[in-house]
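Keep the sequence and the structure side by side as you read.

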Amino acid sequence: MKPSSFVRLAASAFFVFTASLASAQDFPNKPIELLVAFPAGGGSDALARGIADSASRQMPQPMIVVNKPGAAGTIGFAEGASAKPDGYKITVVSPELLITPYLGIGKVTYQDFKPVGRFNEDPCTVAVQVNSPFKTIEAFIQHVKANPGKVNVANSGAGSINHVCAAALEDKAGLKINHIPYLGSGPMINALLGDQVDAAVISPAEVSSFVKAGKMRLLAVMSKERAKGFEDVPTFRERNIDLVMSTWRGLVVPKATPDAIVAKLGEVLAKVNADPAYQQILERQNLGRILENREQFAAFLKQGDEQYKRIVPMLQMTK
């Protein structure tokens, strides 16, 4: 390379770096959009609104939640990945980001994003109406085995984590379930309350208010230990079914977003996580609160992608 070419290249790189740094120092100077790839009423939406409320008090500009549901989250994920990489459109992602590529749903993968941090994890559970004849997970499994393909179990969309958890239950317990997909957890909950399905696979937090109100019952949770707030609900492992699966949420931005802006967003997420008002929201709804930085979340995504790449084809999931 000629010296003059090297100087031009170095100058160009320095200009890009200083421009990014200046942009980060001024960030944010307008409202930030927090994109949720699922409808209002579900866990992702509730968490996003808690984050937006707290972040708006931490920053000079507000954070606004926008719901873009459809196709197991891939419509919202695609919009988030193609957004301008300036930090003003952040996407809430969940296991569906890793699951759907192995089902041929959507084209976006975790590699189209740059992680900001992970802030939530909750186990899957099997929920029924309180007047359901199923009082225990054993009774439910026995009925499904006696009626293969006839028991309607709701999920939050073909390819959703709830669908994967239900398929994993089929695999582990030797069942044949009739999977009924809905456009998110909110519609799925309404279907269960409206007696349109026999059961639903969902996270405990998303139905905690209905359980407390005496409208729903949880049969078992897919976690190593009993879920906080649901200590009376057994784990599947306690019932001799080795099934541990969970949902989670994190924040990502388009891949080309400058690291300085990603770092600033990570700082905001850490402040939100430490905000007592935000913590109270999660406590009231029994939502699991964690905090992983961008490096930890990046490693988690890579590991999760390898896991779903292996297990999703094994489950032979159908819509």
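Helix 9 gives the most to the lining of the second largest cavity, with four residues. This is a predicted model, in which local features need pLDDT of at least 70 and side-chain atom pairs count only at pLDDT 80 or more, while totals for chains, interfaces and linings use all residues. Residues are numbered from 1 along each chain as its sequence is written, and side-chain values use heavy atoms, with hydrogens and water left out. Helices (H or I, at least four residues) and strands (E, at least two) are DSSP runs, numbered from the N terminus.

Stay with that cavity. Its space is about 50 Å³. The lining consists of Ile-51, Ala-55, Met-63, Ile-90, Val-116, Leu-251, Leu-265, Val-268, Leu-269 and Val-272. Helix 2 and helix 9 are the elements that give two or more residues to this lining. By class, the lining has 10 nonpolar, no polar and no charged residues. Here Ala, Val, Leu, Ile, Met, Phe, Trp, Tyr, Cys and Pro count as nonpolar, Asp, Glu, Lys and Arg as charged, and the others, Gly among them, as polar.

Some terms need their cut-offs. On a 1 Å grid over the protein atoms alone, a cavity is a set of points where a 1.4 Å probe fits but cannot get out. A pocket is an open set with protein on both sides within 12 Å along at least five of seven lines. Lining residues have an atom within 4 Å of a point. Grid points are joined across faces, edges and corners, and a volume is the space filled by probe spheres set on the points.

How do helix 2 and helix 9 pack? Helix 2 and helix 9 (residues 259-273) lie at an angle of about 110°, their axes 9 Å apart. That makes helix 2 roughly perpendicular to helix 9. Ile-51, Ser-54, Ala-55 and Gln-58 of helix 2 make the contact with Val-268, Leu-269, Lys-271 and Val-272 of helix 9. Contact means heavy atoms within 4.5 Å. Axes are lines fitted to C-alpha atoms, for helices over the stretch in contact, and angles run from 0 to 180 degrees between N-to-C directions.

Helix 2 (residues 43-58) also packs on helix 10 (residues 276-284), at about 170° and with axes 9 Å apart. These two helices are therefore roughly antiparallel to each other. Angles under 35 degrees count as roughly parallel, over 145 as roughly antiparallel, 65 to 115 as roughly perpendicular and the rest as oblique. From helix 2, Leu-47, Gly-50, Ile-51, Ser-54 and Arg-57 meet Ala-277, Tyr-278, Ile-281 and Leu-282 of helix 10. This contact of helix 2 with helix 10 has six nonpolar, two polar and one charged residues.

Now take the largest cavity. The structure holds two cavities of 30 Å³ or more, and about 140 Å³ of space lies in the largest. Of its 15 lining residues, Ser-44, Ser-156, Ser-185, Glu-206 and Arg-249 are the closest to its centre. Helix 2, helix 6 and strand 10 each supply at least two residues of that lining. The classes here are three nonpolar, nine polar and three charged.

Five strands form an open sheet in the order 7-6-8-5-9, with mixed pairing. Strand 7 (178-181) and strand 9 (216-221) stand at the edges with a single partner strand each, so one side of each is left without a neighbour in the sheet. Two strands pair if DSSP finds at least two bridges between them. Strand 5 (residues 125-129) runs antiparallel to strand 9, joined by five bridges. Gln-129 stands opposite Met-216 in strand 9. Helix 7 (residues 185-193) packs on the sheet, touching strand 5, strand 6 (152-155), strand 8 (199-202) and strand 9.

Finally, the pockets. The largest holds about 1100 Å³ of space. Its lining has 40 residues, of which Glu-121, Met-222, Val-244, Met-245 and Ser-246 lie nearest its centre. Helix 11 supplies the largest share of that lining, nine residues. By class, the lining of the largest pocket has 19 nonpolar, eight polar and 13 charged residues. The second largest pocket has a volume of about 150 Å³. Among the 14 residues that line this second pocket, Arg-217, Leu-218, Asp-232, Val-233 and Pro-234 are closest to its centre. Strand 9 gives the largest share of the lining, three residues.
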